[in-house]
Amino acid sequence: MAEKVGQHKILVIHGPNLNMLGTREPEIYGHRTLEEINAALKAQADRLGLHMETFQSNHEGEIVDQIQQARDSFDGIIINPAAYTHTSIAIRDALSLLNIPLIEIHLSNTTKREAFRHTSLISDIVTARISGFGPQGYLLALEGLAQLLTKPERPALESQATEDSNHEKP
Ligand code: DQA
């Protein structure tokens with residue numbers, strides 16, 4: 001694994017069937033392939049000065065292994081567990097081992113879909129969730145994570161509100 005001292009390191013994990021993006025139910029997930037999404041993410045990571053790696057697996061245990069290995073080597077994780085979102089206590093338990101920001105992402109708006117997709121077994125342990133923006137959501141997640149890592153003590157809106165109220169002072 002490449003070591004980039006001083007740079008925040010982000011791991012993006014894609015769960016099962018996301019390797020089929022582009023041809024998989026494009027009316028729901030869009031036409032972009034996973035390679036295209038990863039390339040856009042890489043360009044955004046470079047712009048933001050982040051070191052980013054991506055991982056995709058169709059296998060629950062491999063995702064668990066990857067999360068465990070990330071424990072000491074990454075500063076933040078963006079994860080779309082795909083169908084495992086709704087079923088995997090093992091992935092939830094692995095994520096619970098980590099003490100870094102975790103962003104849950106879904107291409108589709110899962111709460112607008114079938115009832116079995118309304119439950120996420122990780123939503124109460126992640127830092128933030130993005131759902132329904134399609135591939136663009138990954139870029140939003142990366143930008144949000146970059147903000148969290150560089151200004152963890154002041155979320156953007158809070159600092160914006162403070163700046164606005166400062167302007168109002170005589
Ligand atoms: C998904 C939503 C899941 O319900 C589904 O099983 C997926 C993709 C999404 O990105 O919208 O595979 O996580």
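**Notes on the predicted model**

1. This is a predicted model. Helix α3 (residues 60-70) and helix α4 (residues 89-96) have axes that come within 9 Å of each other and cross at roughly 5°. Angles under 35 degrees count as roughly parallel, and α3 and α4 are therefore roughly parallel to each other.

2. On the α3 side, the contact is made by E60, I63, V64, I67 and Q68. On the α4 side, A90, I91, A94 and L95 take part. By class, the residues of this contact between α3 and α4 are seven nonpolar, one polar and one charged.

3. In what order do the strands of the open sheet run? The order is β2-β1-β3-β4-β5, five strands with parallel pairing. β2 (51-56) and β5 (128-131) are the edge strands, each pairing on one side only. From one strand to the next, the twist averages 15°.

4. Within the sheet, strand β1 (residues 9-14) and strand β3 (residues 76-80) run parallel and are joined by five bridges. L11 has I77 in β3 as its bridge partner.

5. Which residues surround the ligand? They are N17, N80, A82, A83, T85, H106, L107, S108, T110 and R117. This shell around the ligand has six polar, three nonpolar and one charged residues.

6. On confidence, the chain has an average pLDDT of 90, and 85% of the residues score at least 70. Residues 1-5 have a pLDDT below 50.

Technical notes: Residues numbered from 1 in each chain as written. Predicted model: local features only at pLDDT ≥ 70, side-chain atom pairs only at ≥ 80, totals over all residues. Near = placed C-beta within 6 Å. Nonpolar A, V, L, I, M, F, W, Y, C, P; charged D, E, K, R; others polar. Axes fitted to C-alpha atoms, helices over the stretch in contact; angles between N-to-C directions. Helix = DSSP H or I, 4+ residues; strand = E, 2+ residues; numbered from the N terminus. Parallel < 35°, antiparallel > 145°, perpendicular 65-115°, else oblique. Contact = placed C-beta atoms within 7 Å. pLDDT = per-residue confidence, 0-100. Pairing = 2+ DSSP bridges.
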